[in-house]
Amino acid sequence: LRTDFRLTVTFDGQSHVVVTVPSTYAGALCGLCGNFDGDPRNDTPAAVPACNQPPPRQCSSRAIIGRKQRANGEECGLILLPEGPFRSCHHRIDPESFFQACVTDYCVFRGHKAVVCRAVMGYAAACQEVGVILEPWRSKTFCAPACPPHSHYELNGTSCPTTCGQTGNPETCHLPRTEGCFCDEGFILSGERCVSPSHCGCHHRGRYYQRGEEFYPSDGCGERCRCTAVGTVTCWAAPCPPGQECRVERGVRGCYGGQRGRCVLLGGRRLVTFDGLNVTLGGSCRYVLAKVCQGAGDELEVMLENDGGVTVAVGGSRVSMQSGSMWTVDGETRALPLSVGDGKIWVTQEGNNIVLQTTPGHRLVYAATAVLLVTVPSTYAGQMCGLCGDFDGNGDNDFTGPNGTWVNGTQELVVAWKVPDESIPCSDICEKCPLHPPVATGPYRAESSCGMMVATAGPFSGCHGRVGPEDFLEHCLQEMVLTAGARDTLCRSLQAYTVACQEAGAAVKVWRTESFCREYLHRAARVGEGSCARLAHPLPCAGPCFEGCRCAEGFFTDGHRCLLPSTCGC
């Protein structure tokens, strides 16, 4: 980022930020970067009010690591090496502080290669920022570069690559050289991907949009547009629904303010649609659970498989999930966590649950046999279809088939949304779906059983205003009668309501004890926290907290095990 008053801010998207200002600002600045008066001794920031951030991790072997690497010139020591690849930069940028920062990261993350590489990259970027031409510092065994399709690595590449968004010839580049991945001959940048010029996206009202991207082009959100697969823009009337307003959030203009749509499948049998209609399923076939049917029809499709699993299709990618940490992506078995379709889908293990998220904001929370939550942003109100309904605020019209035709009751609804598959015999009949009378469910309404969900002073009381307990309670009561009060049935039912509450951001008090549903008695884990995958390729992290198992301090998860950072995979 450059301004007309010569401020420059450079950020690599992960860990390295460089701020440069002209000398006219000497002595006029403040903040963590100091006052720019030429005296580093008075840069120590004043005391700030205490906050709730945890103290930084301590590393007792830091001094030993520093001495060793300073002596052998390897890893962090490469920054200081007198005859090393950075020697021409030493007189321009003092390497000592970068070396110290690298040693700290090495120590805290126990030598994880990706973290060390980022630290060395920080010094390389700082050198290039002041115009130093670097010598090769990467090798096949240390920080080997890896580039996406149709691109290659360059040590001193241009900071002004040709992009699809340029309407004319690029101007002469006056920015410093930079290392990184650059498009191969015959390809140019579209967003973060290299494409042939014939596969560029669309220009609309002075802005560039990638193919498949949807957007509101103007204030007021009167119409929504899409850059099509052939590079043209199509628009349709899409005003904000009641209760929402058109504004810009996180750089994206859209309709905001309404609540997220939530469809809940409990135990594979009881379905609560986006608009609150409660139906009982029970067929053994494949069904369309939720789908974006207005606008971009290929944006999201969630299918319920006949074995209880779930398949999610976004664009051209299909992700199939079962309980456990192994998933199938376009027919290939993959381990969690994973990122699919150029980052349009990412899947992680969060506590007891598997969470799938998409860039438009759809989120699935899957807790095996307990619950499946499908939530969509308020901007998709009225655009959904499938067994979960259309999310228009009216549950009375949820008995609708794929063509908008009215169906008569649950049985016809299930058949209407069945996915044809002659390879596997199945039935649409529910064999275990009787409704038990109150006299049978009464014993399980106690606060020590299903009634815990609705107890005024119970562990879920803080959730009642976010997620109503009624449907979860009724499902618990019916399942308890069906299984003769089995304890694991009660635990799964309470877990299902816990997941729904935590997904909605509501606080849930401790309800598990050493003698009651103690299988996963651990404190909450933030979405994606302590993940091996995030050490090298950070996935977006904006999710809620879920209960479940969490790695101890200093360990990272690879999806189902807790490992030292140095033993994480590739």
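This is a predicted model: local features need pLDDT of at least 70, side-chain atom pairs count only at pLDDT 80 or more; totals for chains, interfaces and linings use all residues.
Helices are DSSP runs of at least four residues, numbered from the N terminus. Helix H1 spans residues 62-72, and the loop between H1 and helix H2 (96-108) holds Glu-75. Glu-75 also has a positive phi, near 50°, although this residue is not a glycine. With a relative accessible area of 16%, Glu-75 is buried, because buried means under 20%.

Within H1, the buried residues are Ile-65, Gly-66 and Gln-69. Seen down the helix axis, these residues fall within an arc of 100°, so they line one face of H1. The buried residues of H1 pack against H2. On the face turned away from the buried side, H1 carries the exposed residues Ile-64, Arg-67, Lys-68 and Ala-71.

H1 and H2 are also connected through charged side chains. Arg-70 forms a salt bridge with Glu-96, and the closest N and O atoms are 2.8 Å apart. Arg-70 lies in H1 and Glu-96 in H2, so the pair ties together parts that are 26 residues apart in sequence. Both partners are partly exposed: the relative accessible area is 42% for Arg-70 and 25% for Glu-96.

In total, 15 salt bridges are counted in the model. Side chains of opposite charge can pair when their charged atoms come close. Another of these pairs consists of Glu-135 and Arg-87, with the closest N and O atoms 3.1 Å apart. This pair links distant parts of the chain, 48 residues apart: Glu-135 is in the loop between helix H3 (113-129) and strand S3, while Arg-87 is in the loop between H1 and H2. Glu-135 is partly exposed at 29% relative accessibility, and Arg-87 is partly exposed at 34%.

A further salt bridge joins the side chains of Glu-301 and Lys-291, at 4.0 Å from N to O. Glu-301 lies in strand S18 (residues 301-304) and Lys-291 in strand S17 (residues 287-292), so the pair ties together parts that are 10 residues apart in sequence. Glu-301 is buried, with a relative accessible area of 18%, whereas Lys-291 is partly exposed, with 25%.

Strand S14 (residues 261-266) is mostly covered, with 5 of its 6 residues buried. S14 runs antiparallel to strand S27 (residues 371-376), and 6 bridges join the two. In this pairing, Gly-261 stands opposite Val-376 of S27. S14 is also antiparallel to strand S15 (residues 270-272), to which 3 bridges join it. Here Leu-266 stands opposite Arg-270 of S15. S14 and S15 form a hairpin with 3 residues between them, and Gly-267 in the turn has a positive phi of about 60°.

A positive phi also occurs at Arg-205, where the value is about 55° although the residue is not a glycine. Arg-205 is found in the loop between strand S7 (202-204) and strand S8 (207-209). With a relative accessible area of 55%, Arg-205 is exposed, whereas Glu-75 is buried.

Ser-151 belongs to strand S3 (residues 151-157) and is buried, with a relative accessible area of 14%. A polar atom of the Ser-151 side chain lies 2.6 Å from the backbone oxygen of Pro-148. Leaving aside residues up to four places away in sequence, Ser-151 touches Cys-181, Phe-182, Cys-183, Asp-184 and Cys-194.

His-464 is located in the loop between helix H5 (438-441) and helix H6 (470-482). This residue is partly exposed, with a relative accessible area of 27%. The side chain of His-464 reaches the backbone oxygen of Met-453 at 2.7 Å, and a polar atom of the His-464 side chain is 3.4 Å from the backbone oxygen of Phe-460. Not counting residues up to four places away in sequence, the residues touched by His-464 are Met-453, Val-454, Ala-455, Pro-469 and Tyr-497. His-464 and Ala-506 are 42 residues apart in sequence, and their C-alpha atoms are 8.7 Å apart in space.

How values were computed. Residues are numbered from 1 along each chain as its sequence is written. Side-chain values use heavy atoms; hydrogens and water are left out. Buried means under 20% relative accessible area, exposed over 50%, partly exposed in between (1.4 Å probe, protein chains only). Two strands pair if DSSP finds at least two bridges between them. A polar contact is a pair of N or O atoms within 3.5 Å; within protein, one must be able to donate a hydrogen and the other to accept it, and residues adjacent in sequence count only if both atoms are side-chain atoms. Contact means heavy atoms within 4.5 Å. The arc is that of the directions from the helix axis to the C-beta atoms.
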